[in-house]
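Trainee: I'm new to this one. Please pick a single part, take me in close, and then show me what sits around it in the rest of the chain.

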Amino acid sequence: MARAVAKQEKSGQMPASVRVRAAEAADLPAIVALDQRITGVAKAGYWQWALEHYAAGPPERTFLIAESADGALAGFIIGEVRAWEFGAPPAGWVFAVQVDQTRRLGGVGTQLFDTLCARFRAAGVDRVRTLVDRRDHLILSFFRSQGMTAGPSLQLDLELLPPPTSLGEVAEGRRGSARGVDDQDHVGSPPPTDVSTLRVETSYRGTSPTALGRKKS
């Protein structure tokens with residue numbers, strides 16, 4: 001631990017002085033503003049739903065806020081303990097994490113992630129998972145820095161095209177689908193190891209977050 005702190009001091013990336021707490025309804029304007037600065041889109045209705053669903057929901061749902069000493073919103077994270085499809089056992093899922101651009105590389109995201117993982121462990125699960133866009137290199141880099149690696153699940157997508165107007169179009173669509181499966185070598189094979197194509201996950205069974213040797217983000 002001392003070596004990790006010394007390394008952070010040398011790199012100038014000491015953890016930010018923030019307080020992590022549960023989100024409240026009064027945080028809505030700050031959450032909407034932070035998200036709009038990052039994404040360029042104001043989604044007040046969505047974030048109001050998220051607060052009602054996760055902050056004021058059952059204990060297995062968590063919405064955490066990172067707050068600076070002056071009360072400003074530095075970032076937030078949302079997660080939930082739940083089972084997944086096809087009989088997968090319960091795990092902690094991370095659904096959203098955002099950090100103010102001016103506070104990145106200061107440890108805010110790591111403090112939020114560690115606090116969420118602590119709640120997951122307290123709930124009795126030993127694995128945390130998330131699903132990210134393979135093109136989102138920023139969030140992929142963040143989760144990798146937390147020790148997350150490629151997991152066993154493979155995402156499959158299907159584009160819903162307009163319905164065919166004739167039997168001939170139906171037959172052609174089926175032939176095209178068959179060719180598409182043949183073209184995808186990884187379908188029906190063991191999932192690839194590239195983290196950008198998979199859900200990323202990590203297990204905390206017998207491993208403390210500080211033992212991962214990760215850098216702060």
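Mentor: Helices (H or I, at least four residues) and strands (E, at least two) are DSSP runs, numbered from the N terminus. The model is predicted, so local features need pLDDT of at least 70 and side-chain atom pairs pLDDT 80 or more, while totals for chains, interfaces and linings use all residues. Residues are numbered from 1 along each chain as its sequence is written, and side-chain values use heavy atoms, with hydrogens and water left out.

Let's zoom in on H2 and H3. H2 covers residues 28-39 and H3 covers residues 44-55; their axes (lines fitted to C-alpha atoms over the stretch in contact) come within 10 Å and cross at roughly 130°, on a scale from 0 to 180 degrees between N-to-C directions. That makes H2 oblique to H3, oblique being what is left once under 35 degrees is called roughly parallel, over 145 roughly antiparallel and 65 to 115 roughly perpendicular. The crossing of H2 past H3 is right-handed, meaning that the near helix is turned clockwise from the far one by less than a right angle.

Now look at who touches whom, with contact meaning heavy atoms within 4.5 Å. H2 brings Leu 28, Ile 31, Val 32 and Asp 35, and H3 answers with Ala 44, Trp 47, Gln 48 and Leu 51. Sorted by type, the residues of this contact are 6 nonpolar, 1 polar and 1 charged. An α-helix has 3.6 residues a turn, so residues three or four places apart point the same way.

Stepping back, the protein has 6 helices and 7 strands, and along the sequence they run α-β-α-α-β-β-β-α-β-α-β-α-β. Among contacts between residues at least 6 apart in sequence, 68% link residues at least 24 apart.

Beyond neighbours within four places in sequence, Ser 68 is in contact with Ser 17, Val 18 and Arg 103.

Over in strand E5 (residues 127-130), you'll find Thr 130, also buried, at 3% relative accessibility. Its side chain reaches the backbone oxygen of Val 94 at 2.8 Å.

Last stop: helix H5, residues 137-145, where Ile 139, Leu 140, Phe 142, Phe 143 and Ser 145 are buried. After H5 comes Gly 147, with a positive phi near 95°.

Methods: Nonpolar A, V, L, I, M, F, W, Y, C, P; charged D, E, K, R; others polar. Buried < 20%, exposed > 50% of the residue type's maximum accessible area, 1.4 Å probe, protein only. Polar contact = N/O pair within 3.5 Å; in protein donor to acceptor, adjacent residues only side chain to side chain.
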